[in-house]
Amino acid sequence: MDAAYFKDKVPIPMFKSQRAKVEWALQQARAMNESTVSSNEFVYTFGIPRISSHIHQLRQEGWVIDNIASHGKTAKYKLVRTPGEYDPEVDNRIQIGELNV
């Protein structure tokens, strides 16, 4: 069986949960400088149709995930910071409403 690739670059490992897939995809996109992961990618690449519930849960746990506005129906998500990371610049951007988190 051929390996599945994320954004045609990184082989997708096997995960036991959808949550693990979401975390991995957001972190990989940031590491590859691809910046965003679309809701369509979560549905068709990872088989996660209700991505908004996972994004909401991650945000509740301290993940900073920006919604990138698009003119179509596809939402795009960008990982800004995980709970273990701290950046005062990000906190300032959140406070002034520059990030859609």
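**Figure 1. The whole chain at a glance.** There are four helices and five strands in the protein chain. This is a predicted model. The chain has 101 residues, and 32% of them count as buried. Take the contacts with a separation of 6 or more: residues 24 or more positions apart account for 50% of these.

**Figure 2. Three strands make an open sheet.** The strands sit in the order S3-S5-S4, and their pairing is antiparallel. Which strands are the edges? The edge strands are S3 and S4, since each pairs on one side only. From one strand to the next, the twist averages 35°. Strands of a sheet pair through backbone hydrogen bonds, either parallel or antiparallel. Here, S4 and S5 pair in the antiparallel sense over five bridges. Look for Asp66: it stands opposite Lys78 in S5.

**Figure 3. Ser38 in strand S3.** Strand S3 covers residues 36-38, and Ser38 belongs to it. Is Ser38 buried or exposed? Its relative accessible area is 11%, under the 20% limit, so Ser38 counts as buried. Which residues does Ser38 touch, leaving out those up to four places away in sequence? They are Thr74, Ala75 and Lys76.

Figure 4. Helix H1 lies across S3, S4 and S5. H1 runs at about 80° to S5. Helix H3 lies across S4 and S5. H3 runs at about 140° to S4.

**Figure 5. The buried face of helix H3.** Helix H3 spans residues 51-60. Four names to find in this helix are Ile51, His54, Ile55 and Leu58, which are buried. Just after H3 comes Gly62, which takes a positive phi of about 105°.

**Figure 6. Helix H1 packs against helix H3.** The two helices pack at an angle of about 75°. Their axes are 10 Å apart. Angles of 65 to 115 degrees count as roughly perpendicular, so H1 is roughly perpendicular to H3. Which residues make the contact? From H1 come Gln18, Arg19, Val22, Glu23 and Leu26. From H3 come Ile51, His54, Ile55, Gln57 and Leu58. Compare this list with the previous view: Ile51, His54, Ile55 and Leu58 are the buried residues named there.

**Figure 7. Trp24 in helix H1.** Trp24 lies in helix H1. Is this residue buried or exposed? Trp24 has a relative accessible area of 14% and is buried. Now find Ile12, twelve residues from Trp24 along the chain. The C-alpha atoms of Trp24 and Ile12 are separated by 9.0 Å.

**Figure 8. Arg19 and its salt bridges.** How many salt bridges does the structure hold? It holds two. One joins Glu23 and Arg19, with the closest N and O atoms 2.4 Å apart. These residues are four apart in helix H1, so about one helical turn separates them. Glu23 is partly exposed, with a relative accessible area of 22%. The other salt bridge joins Glu61 and Arg19, with the closest N and O atoms 2.5 Å apart. This pair links distant parts of the chain. Glu61 sits in the loop between H3 and S4, while Arg19 is in helix H1, 42 residues apart. Glu61 is also partly exposed, with a relative accessible area of 39%. The salt bridges share partners, joining Arg19, Glu23 and Glu61 into one network.

Definitions and conventions:
Residues numbered from 1 in each chain as written. Predicted model: local features only at pLDDT ≥ 70, side-chain atom pairs only at ≥ 80, totals over all residues. Heavy atoms only, no water. Buried < 20%, exposed > 50% of the residue type's maximum accessible area, 1.4 Å probe, protein only. Contact = heavy atoms within 4.5 Å. Pairing = 2+ DSSP bridges. Axes fitted to C-alpha atoms, helices over the stretch in contact; angles between N-to-C directions. Salt bridge = Lys/Arg side-chain N within 4 Å of Asp/Glu carboxyl O. Parallel < 35°, antiparallel > 145°, perpendicular 65-115°, else oblique.
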